[in-house]
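Open the model in your viewer and follow the stops below. Each one says what to select and what is there.

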Amino acid sequence: WAPNPDNPPPAPNQPRRPPLMSALAARCPEAVAAALSEDPEAAQLPFVDHSWEPPLCFAARHRCPAIIFNLMLEAGADVEQ
């Protein structure tokens, strides 16, 4: 890409949401369970490309139901993170 006054620079690409993040945003227990079965460590790791937010904090911010918190805690989510 070369600077050109007639052609603005391309917009930055937004990182894709990980499956667990998408499931939490949808507040869907079935999707959370599926994401955790695909990636059992997902509940334990922060969303690196999304401000390093821990999954439990993301779930709380999106007002997920208690069953989702139970699923994530069973998968090893750290409440101290």
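Start with the whole protein chain in cartoon view. This is a predicted model. The protein chain holds four helices and zero strands. Read from the N terminus, its elements run α-α-α-α. The radius of gyration is 16 Å, well over the 12 Å that the globule rule gives for 81 residues, so the protein chain is more spread out than a compact globule.

Of the 81 residues, 30% count as buried.

Now colour the charges. You will find 5 positive and 10 negative side chains. The centres of the two sets lie 11 Å apart.

Hide the surface and go inside. Which residues have the most contacts inside the largest nonpolar core? Select Leu 20, Leu 24, Val 32, Leu 36 and Met 72. The core as a whole has 18 residues. Helix 1 (19-26), helix 2 (29-38), helix 3 (55-61) and helix 4 (66-74) each give two or more residues to this core. Helix 1 gives the most, with four. In soluble globular proteins, nonpolar side chains tend to be buried together.

Last stop: centre on Leu 24. Leave aside its neighbours within four places in sequence. Leu 24 is then in contact with Val 32, Phe 47, Pro 55, Phe 58, Ala 59, His 62, Cys 64, Ile 68 and Met 72.

Notes
Residues numbered from 1 in each chain as written. Predicted model: local features only at pLDDT ≥ 70, side-chain atom pairs only at ≥ 80, totals over all residues. Heavy atoms only, no water. Rg over C-alpha atoms; globule rule 2.2 N^0.38 Å. Buried < 20%, exposed > 50% of the residue type's maximum accessible area, 1.4 Å probe, protein only. Lys, Arg positive; Asp, Glu negative; His and termini not counted. Charge placed at Lys NZ, Arg CZ, Asp CG, Glu CD. Core = buried A, V, L, I, M, F, W, Y, C linked by side-chain atoms within 4.5 Å. Contact = heavy atoms within 4.5 Å.
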